[in-house]
Amino acid sequence: MGLVMAGGTDLLVKMKSGLVEPDLIVDIKRIKPLHEVKKTASGISIGAALCNAALGENAMLRKAWPGVVEGATLIGSKQVQGRCTMAGNLCNASPAGDAVPALVAAGAKAVIQGPKGKRKLAIRDVPAGPGRTTLKKGEIITAIELPKREPRSADAYLRFIPRTEMDIAVVSAAVNLTLDAKGVIKKAAVALGAVAPTVLDVPAAARALIGTKLDDAALDRLAEAARAACRPIDDKRGTAAFRIQVAGVLAQRAARTAYARAGGK
Amino acid sequence: MAGIHVKTTINGDAVEFICQPEETLLDVLRNRLGLTGAKEGCGTGDCGACSVMVDDRLTCSCLVLGAEAEGRSVETVEGMARGSELHPLQRLFIEHAALQCGVCTPGVLIAARALLEKNPNPSEEEIRFGLAGNLCRCTGYDKIVRAVQAAAQEMRGA
Amino acid sequence: MEAARHIHLWGALRPYAGGASVIVVEARTIRELFRKLEEQFPGMTPHIRRGIAVSINGRIYRDQWDTALPEKGEIYLLPRIQGG
Amino acid sequence: MVTLKDNSLANPTEAAPPTTSEPGPHEPLLSKHHFKSVGTRPLRPDGIDKVTGRAKYGADHNLPGQLVGLVLRSPHAHARIKAIDTTRAARLAGVKAVITAADLPDHTGGDEGLFDILDNCIARDVARYDGHAVAAVAAVDAATARAALKLIKVSYEVLPHVTDVDEAVKANAPLINPKNFTRGVEPAPARPSNIAKRSTFGHGNVEAGFKAADVIIARTYRTEQTHQGYIEPHACVASISPDGTGELWVCTQGHFAYRQWCAAILGMDVAKLRVTSSEIGGGFGGKTHIWMEPLALALSRKANRPVKMVMSRDEVFRASGPTSATSIDVKLGVKKDGTITAGSATLRYTNGPYFGMWAELGAMTAFACYDLENVETIGLEVLVNRPKVAAYRAPSAPEAAFAIESAVDEAAKTIGMDPVAFRIRNAAREGSRSSYGPVYGPIGIGPTLKAAQNHPHMKAPLGPNQGRGMACGFWFNFGGQTCSDLNIGVDGTVTLSVGTVDVGGSRASLALCVAEELGIPYDHVRCVVADTGTLGHNDMTDGSRGTFSSSMALIFAARNAINVLKARAAQMWEIPLENVVWKDGHAHATGDGHGNLAPLSLKEIAASAPNTGGPIAGHAEITADGAGVSFATHICDVEVDPETGRTRVTRYTVIQDAGKAVHPAYVEGQYQGGAAQGIGWALNEEYVYGRDGRLQNPTFLDYRIPVCSDLPMIDTQILEIPNPNHPYGVRGVGETSIVPPLAAIANAVSNAAGVRMTHIPMSPPRVLAAMTSADKLGV
């Protein structure tokens, strides 16, 4: 078995515990273009080997996609940040991966290179279940593409962890909003992490926001729709009931942050 | 399995070693090069005791393969002092009693230096989040944070 | 009866002394006390082997078996505690 | 009176009778009130090694030709081992030894405690918990050793298991040990059970006390199992030579005890095994027990090569020293005037699969802070399929204090009394009968409470969703067997050899005490931890005894050395010994005709040693009884997120009696470290077991010890109420600081959340469930 290594922060842990025993490891960090962040005709392309610490240092990304950057830079410690990548987090396919919900809410795409050429796939469709992706044999992700930003747009990502750092998300929420000139939400996306086998895109929750200025009634409907979409389990990190309850809370808080960032008042 | 021949720079010195493909940089430092300052507290990137710099990025050496060091520059706690002169962080950690058992100290020092290089005047909160990847079980972090504050002040003045 | 000492027992020892909370033992030192206890109350032997501490007027002795048991004052047997 | 063996005095030809103006060589009474060195904050001698990476910990030592040892562990919570086939593993190239229980025959000679240690080190017929060692290998490298483990075939017959404390005491629970009949019950029970022992403490008549009460508080509290969480995993290098002698390098809190146990288990003579303690990367009680060290020795014996073994973090969690999980019923009777009329508690503590005394310690300490007319505690040691419980900093006291201090707080609230005033009213004092039996001498709980009452923290304003809590804590402390050497070099500098492992800066404290006693500068004194081959037996660094005991021994050793120094000065001056006194690091001549002699410095006397009788040294071998009990009061503020149940500690204050703080910075460090561990225990740390009886979270990722950003600064206030049994008044300070936090935080969270918290850790799901409806959230 051959495996691709970007940051290696998941792979080396799995090797240590004997979970995987690769015959070959391909380190993609030496490939220069895979570290680039560039503006393209359709948006921004982020190389798959770019470590999240470097991603967080990119002012353009922080300004355009603060929620995406939040998600990516919450993973692990400062030490782990120096290694881990968004693409790696995506391919690890944990339902609790911090980088993923904001990418889903952003409508981002994975650029996939394989023996049969290149294809693009919505981030939402990359994970197939815990630890499994829809990538085919021989395929690797080379970049993540974020769409072009309209004016008055912003996103936010929040996760719930018991400590202040170093935990895996017990539940998480990302909200991506675009406002009109009057501050009314005209486009919205809501994604939830750690409440189902894969990160959830929740259109019903997004619909609760569209056409509103994020009044209390809209926030209540948002929380209700978010909770209704959850299909979590009880595990060592939290109970299903807790996850459902807090998913609504985080969706509301992330929506408030995204709304303020987009210029809403 | 055939070993991999690696040429690298460690604490400014050119170093060559042969390692197995699955060996971590931490294993190489400790078991092949005799640099036992970096410690293995967990092996999973959760404690920070193995913190080193690789090409000026703070990393857990347990999450880096030894073979990856090829052509890169690695800095460990053994390279922090200049000759007999301790780095201000090292000196102030002793002066502030910021270590008890001391096993987390090498990793904390490397992380604290990385923090101060990026942010010479951190708030208490920034220090606490900057060191959140380094577990200490003895001190309750109080004296560690104070030592880093003192070092930041001294290094800014110097 | 100048060697008679009143010895207070903690709960786990009382069943071996017929439920008594205080017993009278003729013993001048901790060593003599333990020897007499084993003779008179064989059920206490496993406890003594595992460790019993002796509080003499509030001060706890764990090891020094030649310590004298004063005629006056309180002698209290306790489990030999462990620490971290 | 500190007891000393008569033969422990200095060479009798040199020992002079003490003069009236100076303390005798082993006079424990407080001899100092004004200190020059003690109480200062000099740099620790091991500091530079520890900030430069030079210090050698357990895993930092290597021997030529050493092998890598690894352990095969049970994947089952409870299983009979039907057969172990090691033939394929043994045949693998590079494998030099494979061992099972058969390679460690029972040499314990009927010693039940020692047999339990042996059985825990390697399972014999039954694997008793997930992670129990079953076999071990030694190979030329880690990869080969890992491959060999996979080739060992163990056939298990899986047995029913139980891990929960309340489930284990039920009549139909699976039996952990069919030979276990509850001790402490007369007549002995006819049927075996999982209750290993019942202990009772108390006095008075609790039923009468409850009848006299106006208010009764009765609740059941639970705490989950935690781990000491030292950052350095267990590690050792063992080397046994064909002549039967052996060397063991190991991280431990007590190398002499490790030697004793390992030698007994391996059937070796104690004198043939030399154990060297490495620098220790945290212990907190977890390194007062042996784990894989006998396996390393047995592998080395079989392979005739040195063997290094280092536990993984997973192994540390699964197979080394956790605390008990507990379930504690408390009943408290209180009068409206604030008098506690009676207190009772039944404390169930898990022991793991082996007999321990954990509930007993909980039962002893539970009500120790209070002066109660009627009190009764019952401790039940409960066997479960979890790893063997090990001591953790004031073992068993934090759980009991959580239950009792929560009830005390609730009682104060119920009668409308300030919680500090309520505690002051009921606090134990000199002459009170303790809840565990004896009458107290002078004790420090009152002063810590008074200090808390007057502390600005108590009066600081609180914000929304914030609450304040406080609690008291008690720990016994102890002393024990201690042996030290003091050697004076030709240049007048001093080397100390001690046998108590330095876990948190004690070498600096001990050097300070000797500098004080000899009257020389701190930096003329160097303290080293000696191996078992070069010093007499020392008990472990546990029970808060390291600085207390070794400083006492070293002060006595220094006094013995002073007697020698004075005799040498008398020789040099050619005057009678009784005309020499020791003051400020010098011999002074006194009396008629000698007054004009210039004082002789220690350095000058040392320089002439070759011509005055040879090397100058002092020794002491003592049993350092009289440690003196310890009390602390903690205050904390928390903020609870009402929507998520997450708790943030916003302010924390520790007030504790140190007797005399030898090196105040390291005393503060003990207070802060204990508080931080208590905060972790209170909020997030817990062992999570699955239905299969396997540990779900054996990583630092999911066993959540506090990180730097979780904590505020931890303020400390050191009280100094001298311990009359130590020459400088020193008390142990290491453990008590972990006793109050669980309760202090529970009281604060209860105040912030508006609901009484009875289950620790107060993880967000539990707090949120308590704040809304327990059923709705299914916790």
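Which side chains meet in a salt bridge with Lys150(D)? The side chain of Glu21(A) does, at 2.5 Å from N to O. The close-up views below come from a predicted model, in which local features need pLDDT of at least 70 and side-chain atom pairs count only at pLDDT 80 or more, while totals for chains, interfaces and linings use all residues. Residues are numbered from 1 along each chain as its sequence is written, chains are lettered from A and ligands numbered from 1 in the order in which they are written, and side-chain values use heavy atoms, with hydrogens and water left out.

**View 1. A salt bridge joins Lys150(D) and Glu21(A).** A salt bridge here is a side-chain nitrogen of Lys or Arg within 4 Å of a carboxyl oxygen of Asp or Glu. Lys150(D) lies in helix H4 (residues 142-151) of chain D and Glu21(A) in the loop between helix H1 (11-16) and strand E2 (24-27) of chain A, so the pair joins two chains. Helices (H or I, at least four residues) and strands (E, at least two) are DSSP runs, numbered from the N terminus. Lys150(D) is exposed, with a relative accessible area of 51%. Buried means under 20% relative accessible area, exposed over 50%, and partly exposed in between, with a 1.4 Å probe and protein chains only. By the salt-bridge rule, the count over all chains comes to 82.

**View 2. The side chains of Arg253(A) and Glu643(D) meet in a salt bridge, 2.7 Å from N to O.** This pair also crosses between chains: Arg253(A) is in helix H10 (residues 240-261) of chain A, and Glu643(D) is in the loop between strand E25 (630-640) and strand E26 (647-657) of chain D. Arg253(A) is partly exposed at 25% relative accessible area, and Glu643(D) is partly exposed at 32%.

**View 3. Lys660(D) and Glu720(D) form a salt bridge within chain D, at 3.4 Å from N to O.** The pair links distant parts of the chain, 60 residues apart. Lys660(D) sits in the loop between E26 and helix H19 (664-683), and Glu720(D) in the loop between strand E27 (714-719) and helix H20 (741-753). Lys660(D) is buried, with a relative accessible area of 17%, whereas Glu720(D) is partly exposed at 38%.

**View 4. Salt bridges link six residues of chain D in a network: Arg44(D), Asp46(D), Lys50(D), Glu279(D), Asp502(D) and Arg507(D).** Side chains of opposite charge can pair when their charged atoms come close.

**View 5. Three strands of chain D form an open antiparallel sheet in the order E5-E3-E7.** Strand E5 (126-127) and strand E7 (153-158) stand at the edges, each with a single partner strand, so one side of each is left without a neighbour in the sheet. Strand E3 (residues 79-85) is joined to E7(D) by 6 bridges; two strands pair if DSSP finds at least two bridges between them. Within this pairing, Ile81(D) has Tyr156(D) as its bridge partner.

**View 6. Strands E3 (residues 37-40) and E4 (residues 43-47) of chain A pair in the antiparallel sense.** There are 4 bridges between these strands, and 2 residues separate them in a hairpin. Lys39(A) stands opposite Ile44(A) in E4(A).

**View 7. Helix H8 (residues 293-303) of chain D is mostly covered.** Of its 11 residues, 9 are buried, including Glu293(D), Leu295(D), Leu297(D) and Leu299(D). Just after H8(D), Asn304(D) takes a positive phi of about 55°. In the loop between strand E12 (273-277) and H8 of chain D lies Phe284(D), which has a positive phi of about 60° although it is not a glycine. Phe284(D) is buried, with a relative accessible area of 12%.

**View 8. A cis peptide bond joins Ile760(D) and Pro761(D).** Its omega is about 10°. Pro761(D) is placed in the loop between strand E28 (759-760) and helix H21 (764-771) of chain D.

**View 9. Leu214(A) has a positive phi of about 60° although it is not a glycine.** Leu214(A) is in the loop between helix H8 (203-209) and H9 of chain A. With a relative accessible area of 10%, Leu214(A) is buried.
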